[in-house]
Amino acid sequence: MHIIPYITFGVVTSDPPNAAIQRLSKQVDQSSWFPSLPYAGKVREAGFKILPVTWYRNSFMPVIMGEFEPGPAGGTIVYVTMRMNSVVAVFTCVW
């Protein structure tokens with residue numbers, strides 16, 4: 001049994017790891033106070049941690065974390081874990 005619920009899955013792409021990282025980086029705003037892209041967070045070669053961007057307060061949006069791994073035929077496997085925000089998980093357990 002897990003205290004904090006989460007979902008883990010993998011995505012296989014034919015893009016090489018560097019191209020997959022660049023492709024994700026184009027959708028993630030990494031430095032702005034007012035993000036204009038669909039996601040905000042950090043994308044690095046080792047992995048990523050991002051949050052969906054909304055223009056309203058929604059604490060139940062998932063935290064999306066992942067890792068890049070070289071895949072078959074020069075492609076990439078992206079392992080993704082989606083979980084609740086830690087503060088929301090604690091609140092939910094106490095409630």
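Which pattern does the chain follow when read along the sequence? The order is β-α-β-β-β-β-β-α. The chain holds 2 helices and 6 strands. Both are DSSP runs, numbered from the N terminus: helices are H or I with at least four residues, and strands are E with at least two. The model is predicted, so local features need pLDDT of at least 70 and side-chain atom pairs count only at pLDDT 80 or more, while totals for chains, interfaces and linings use all residues. Residues are numbered from 1 along each chain as its sequence is written, and side-chain values use heavy atoms, with hydrogens and water left out.

The C-alpha atoms fill a box of roughly 50 × 35 × 15 Å along the principal axes. Of the 95 residues, 22% are buried (under 20% relative accessible area; exposed is over 50%, partly exposed in between; 1.4 Å probe, protein chains only). The chain exposes about 7000 Å², by the Shrake-Rupley method with a 1.4 Å probe. Carbon and sulfur atoms supply 63% of that area. Contacts (heavy atoms within 4.5 Å) were also counted. Among those between residues at least 6 apart in sequence, 36% join residues at least 24 apart.

The chain carries 7 positive and 5 negative side chains. Lys and Arg count as positive, Asp and Glu as negative; His and the chain ends are not counted. The centres of the two sets lie 11 Å apart, with each charge placed at NZ of Lys, CZ of Arg, CG of Asp or CD of Glu.

A73 lies between β5 (63-70) and β6 (76-83). Its phi is near 55 degrees, although A73 is not a glycine. A73 counts as exposed because its relative accessibility is 84%.
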